Amino acid sequence: MAAPDLIKTECGESGPSLLFIEPYLNHSHGAFAKGIMSHVPARWTLLGLPGRFFRWRMRGAAAYLAFQARRDLERPWDGLICSSMLGLAELKGLCPSLAEVPSLVYFHENQLCYPVQGKAGQTQQDRDLYLAFSNLTSGLAAKRILFNSDYHKREVFAAADAMLKRLPDAVPADLLKVLYEKCGVRPVPLEVSEADGLARTKNQGNLRIVWNHRWEHDKDPETLFSALFKLAGDGQNFQVAILGPRSANYPKVFDLAGDILGGRLVHLGTVEDRREYWGWLFWADLAISTALQEYQGLSIAEAVWAGCRPLVPDTLVYPELYDGEFRYPADRLYDSLLPLVQKPELARGAAYCRMTEQLTWPKQQKGWQQEIKELLAR
């Protein structure tokens, strides 16, 4: 009998036999899995679980898979790829046939510095050290560790160093040195084929703004709406589309948007259809991030590739990706947004797409193929 929560996908007819395990198949993790299986030739098998209950996924996924997917796990694999949501060391212990399979762990995010709901500034003292240490043991069990940005890699090793200094005893010697020697950086590529045939028109009139992030506290929608509400209160005219997936316990500031912004708010809600989603990005002039946590910024990168001018915080990963003219200082979103609202032509006309062209799958494909080739080399 098939396990009801297990998601299994197979593709590819030639090449090495590769197993991709993703215990948290939300949109971004799922898009990466789909992308690498499409762009790296191999005989792929994806084993996944729905993207919900992330703490339980990290604690329970290895045991669940060992019971419910053992027949697949015990097949002869040339390589294994997983995200940091999997306790790789635990799975290899539960399925000894995987012990010698060369494995790559990809860090979309991490549990050493990732904020919990409502606590984007969470301190090390508040963290679940089991989940944090699980990220490190997964790295120890892997042949290769990849991060989606250099900023992310630096943050993880700084947080890991601080965490290890807090532990009472029996800390493995040279643990971080061993992990660091396995590390590299490769961004999640953009799947721009979804936008084939779409084109940007020459916009006129009021500035068109898009905010296309998860409706969660770590994306700080309060800062976004504070600036938009003030602009509306000042009588400034603009149009804004609020996209992105809505969580079950989303910040309630979203519920105020319609009453305060009125006709300025042209869309509020998740856009499930990817073609329609890209259509909104081509519609907009300006893409805003208000993130308190960001390791790559895929949503902004997608909007920029579609021709939007970015307006992002002067912190996190963004200085690694965008020049200073596209970044705003902390607590200064309104001040940076106002001139663009008053003169929309300042956000129009430039070839912003060039800034993220190198992040697309056509540009990143060879690099990822080389990573897999080196992973499989004995």
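Me: How do the axes of helix α8 and helix α13 cross, and within what distance do they come?
Reply: Helix α8 (residues 221–233) and helix α13 (residues 333–342) have axes that come within 10 Å and cross at roughly 50°. The axes are lines fitted to C-alpha atoms, for helices over the stretch in contact, with angles from 0 to 180 degrees between N-to-C directions.

Me: So what do you call that, for α8 and α13?
Reply: α8 and α13 are therefore oblique to each other. Under 35 degrees is roughly parallel, over 145 roughly antiparallel, 65 to 115 roughly perpendicular, and the rest oblique.

Me: Which residues make the contact?
Reply: From α8 they are Thr223, Leu224, Ala227, Leu228, Lys230 and Leu231, and from α13 they are Leu333, Tyr334, Leu337, Leu338 and Val341. Contact means heavy atoms within 4.5 Å. By class, this contact of α8 with α13 has nine nonpolar residues, one polar and one charged. (Ala, Val, Leu, Ile, Met, Phe, Trp, Tyr, Cys and Pro count as nonpolar; Asp, Glu, Lys and Arg as charged; the others, Gly among them, as polar.)

Me: What kind of model is this?
Reply: This is a predicted model, where local features need pLDDT of at least 70 and side-chain atom pairs count only at pLDDT 80 or more, while totals for chains, interfaces and linings use all residues. Residues are numbered from 1 along each chain as its sequence is written, and side-chain values use heavy atoms, with hydrogens and water left out.

Me: How many helices and strands are there in the protein chain?
Reply: The protein chain has 14 helices and 13 strands. Both are DSSP runs numbered from the N terminus: H or I of at least four residues for helices, E of at least two for strands. The C-alpha trace spans about 65 × 50 × 40 Å along its principal axes.

Me: Back to helices. At what angle do α1 and α14 cross?
Reply: Roughly 80°, with the axes of α1 (residues 27–39) and α14 (residues 361–376) coming within 10 Å. α1 and α14 are therefore roughly perpendicular to each other. The residues in contact are Phe32, Gly35, Ile36 and His39 of α1, and Trp361, Gln365, Trp368, Gln369 and Ile372 of α14. They divide into five nonpolar, four polar and no charged.

Me: And how do α10 and α11 cross?
Reply: The axes of α10 (residues 274–283) and α11 (residues 298–305) come within 8 Å and cross at roughly 65°, so α10 and α11 are roughly perpendicular to each other. α10 contributes Arg274, Tyr277, Trp278, Leu281 and Phe282 to the contact, and α11 contributes Ser299, Glu302, Ala303 and Trp305. Six of these residues are nonpolar, one is polar and two are charged.

Me: Sheets next. In what order do the seven strands run?
Reply: The seven strands form an open sheet in the order β1-β3-β2-β4-β5-β6-β7, and the pairing is mixed. (Two strands pair if DSSP finds at least two bridges between them.) β1 (7–11) and β7 (183–185) are the edges, each with a single partner strand, so one side of each has no neighbour in the sheet. On average, neighbouring strands here are turned by 20° against each other, direction ignored.

Me: Which strands of this sheet does helix α2 touch?
Reply: Helix α2 (residues 54–68) packs on the sheet and touches β2 (17–25) and β3 (43–50). The direction of α2 makes about 145° with that of β2.

Me: How many bridges pair β4 with β5?
Reply: Four, in the parallel sense, between β4 (residues 79–83) and β5 (residues 103–107). Cys82 stands opposite Val105 in β5.

Me: What about the six strands, in what order do they go?
Reply: They form an open sheet, β10-β9-β8-β11-β12-β13, with parallel pairing. The edge strands are β10 (265–268) and β13 (327–328), each pairing on one side only.

Me: How many bridges join β12 to β13?
Reply: Two bridges join β12 (residues 309–313) to β13, and these strands run parallel. Pro313 stands opposite Tyr328 in β13.
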